[in-house]
Amino acid sequence: MTMTWTVEQVIALSPDDKSTKNGKSLATASKWQTLGTNQQAIWGECRGSGKKPYRTQIDLSEPAFRCSCPSRKFPCKHSLALFLLLANQVDLFTAADPPDWVQEWLEKRSQTASRKRAKAATADPEAQAKRIAQREAKILAGLTDLDQWLQDLMRQGLATAQTQPYSFWEKAAARMVDAQAPGLARRLREMASIPHTGNNWPSRLLAELGKLYLLVQGYPRLATLPEAVQAEVRSQIGWTQKQEDLLTSPSPLVVKDTWSVLGKRITTEDNLNVQRVWLWGITHQRPALILSFGYQNQPLDTSLIPGTQISAELVFYPGLYPLRALVKERQPGVDLIPPTGGIVNIADAIAHYGVAIATNPWLVQFPVLLTAVIPHQKDQQWHIADPHGHHLPLQAGFDAWSLLALSGGHPVMLFGEWNGHSLLPLSLWADNRFAPC
């Protein structure tokens with residue numbers, strides 16, 4: 001084996017605490033009949049309750065997982081156990097040619113990737129144009145209704161928002177879903193909680209209503225706006241750009257670099273699981289966001305493991321402050337090296353955020369990589385402090401005791417998402433060792 005995985009990196013892939021617990025219990029040599037490896041993959045046969053063992057395999061080049069067990073979780077407990085064995089007891093694995101059931105899977109993965117690349121030119125442009133026109137009409141009709149809703153709210157005064165039930169916001173959001181503008185629906189649902197959070201809720205609600213109004217007024221005027229603004233407004237409304245269209249666009253922003261995988265966060269919107277994975281380019285010193293989606297129990301992408309580094313070429317989606325990207329081409333293999341660069345001074349991090357929010361007023365999460373901060377409690381509120389004495393508040397409800405324990409009261413490299421009010425830590429490096437938060 002050419003590298004050493006850590007338990008923390010493996011656990012970061014677990015779909016839930018139960019899978020982690022079960023995976024750890026199976027991560028013992030006595031549970032496995034065979035354990036093998038080559039330069040690309042590891043595999044094993046785990047004893048189960050039936051006559052046949054569960055065949056488990058991991059393609060380490062991404063990584064990707066497969067198991068013959070009936071579990072709908074991804075990765076399953078057997079995959080986690082196999083990966084934990086690699087992290088803890090690599091000597092248990094025998095170097096060998098992969099058995100047929102592993103080789104067939106690896107070949108099938110290669111063939112699937114080839115088919116995806118060959119699918120680009122099969123779309124019917126005439127039918128696509130018709131679908132786009134129909135959706136445009138629905139969105140414009142929905143924006144007319146939303147404009148009137150906003151006008152009514154402002155005439156009544158913001159004070160009335162605090163007395164409105166959740167259905168007041170949900171009905172407006174549902175109308176945007178019907179109008180095929182899911183981005184506006186999400187913003188409306190997020191606004192519903194603002195009137196009940198903190199003394200300064202009127203100013204925060206007014207700011208969010210202003211951003212919403214900008215979209216309502218800007219979308220009908222798309223043709224008069226610069227290309228970057230058009231792309232951003234369409235994205236905020238809820239239009240999505242297909243990966244193949246992005247890859248074949250005439251002038252995409254392409255960045256080839258060594259990328260540190262900084263952190264991962266999964267949120268749920270209705271029945272849709274949304275995974276955000278943040279990368280940091282070592283040479284270009286720029287962040288990138290890789291999004292993946294899964295409905296209900298659909299597996300999410302596990303090829304980017306926090307705490308690792310990959311060499312890849314990324315294509316960025318167009319916008320006012322490009323963050324979201326697509327992995328266009330990736331070199332096989334990963335490294336386990338802490339990120340280099342980042343920001344030492346919290347004041348500089350906030351200055352970078354100021355530039356970003358001035359460029360793109362609809363920015364929600366902003367990535368912050370701080371090289372040396374210490375968590376501490378101040379006035380019953382958790383903060384982080386840098387060597388210059390600057391502070392950032394942590395998001396309410398975040399369990400900072402584990403963060404303090406991992407740091408030991410010493411400076412650590414910390415990565416998190418800043419929303420303009422508080423920081424949500426996602427990962428840290430203490431003594432060059434990665435740990436998810």
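The bridge partner of Glu 313 is Glu 329, which belongs to strand 10. Strand 9 (residues 309–316) runs antiparallel to strand 10, and five bridges join the two; two strands are taken as paired if DSSP finds at least two bridges between them. Helices (H or I, at least four residues) and strands (E, at least two) are DSSP runs, numbered from the N terminus. The model is a predicted one, in which local features need pLDDT of at least 70 and side-chain atom pairs count only at pLDDT 80 or more, while totals for chains, interfaces and linings use all residues. Residues are numbered from 1 along each chain as its sequence is written, and side-chain values use heavy atoms, with hydrogens and water left out.

Strand 3 (residues 54–59) and strand 4 (residues 64–67) run antiparallel and are joined by four bridges, with Thr 56 standing opposite Cys 67 in strand 4. A hairpin of four linking residues leads from strand 3 to strand 4. Pro 63 is found in the loop between these strands, and the peptide bond that reaches this proline from Glu 62 is cis, with omega near 5 degrees.

A cis peptide bond also joins Phe 74 and Pro 75, where omega is about -5 degrees; Pro 75 lies in the loop between strand 4 and helix 3 (77–88). As background, most residues other than glycine have a negative phi, and most peptide bonds are trans.

## Cysteines without a disulfide

How many disulfides does the structure hold? There are zero, where a disulfide is a pair of cysteine sulfur atoms within 2.5 Å. Cys 69 is in no disulfide, and the nearest cysteine sulfur, that of Cys 67, is 3.6 Å away. The sulfur of Cys 76 has its closest cysteine sulfur in Cys 69, at 3.7 Å, which is too far for a bond.

Cys 69 is buried, with a relative accessible area of 10%, and Cys 76 is also buried, at 5%. Buried means under 20% relative accessible area, exposed over 50%, and partly exposed in between (1.4 Å probe, protein chains only).

Helix 5 (residues 125–156) and helix 8 (residues 201–218) pack at an angle of about 150 degrees, with their axes 10 Å apart. Their crossing is left-handed, that is, the near helix is turned anticlockwise from the far one by less than a right angle, whereas clockwise would be right-handed. The residues of helix 5 that take part include Leu 143, Leu 146, Asp 147 and Leu 150, and those of helix 8 include Leu 206, Leu 209 and Tyr 213; contact means heavy atoms within 4.5 Å. The residues of this contact divide into ten nonpolar, two polar and one charged, where Ala, Val, Leu, Ile, Met, Phe, Trp, Tyr, Cys and Pro count as nonpolar, Asp, Glu, Lys and Arg as charged, and the others, Gly among them, as polar.

Ile 237 lies in helix 9 (residues 227–237) and counts as buried, at 0% relative accessibility. Leaving aside neighbours within four places in sequence, Ile 237 is in contact with Ile 139, Leu 143, Ala 181, Pro 182, Gly 183, Leu 184 and Tyr 219. Ile 139 is 98 residues from Ile 237 in sequence and 8.6 Å away in space, C-alpha to C-alpha.

Asp 431 sits in the loop between strand 15 (423–430) and strand 16 (433–436), and its phi is near 55 degrees, a positive value in a residue other than glycine. Asn 432, which lies in the loop between strand 15 and strand 16, has a positive phi of about 65 degrees although it is not a glycine. Asp 431 counts as exposed at 81% relative accessibility, and Asn 432 counts as exposed at 64%.

Technical notes. Axes are lines fitted to C-alpha atoms, for helices over the stretch in contact, and angles run from 0 to 180 degrees between N-to-C directions.
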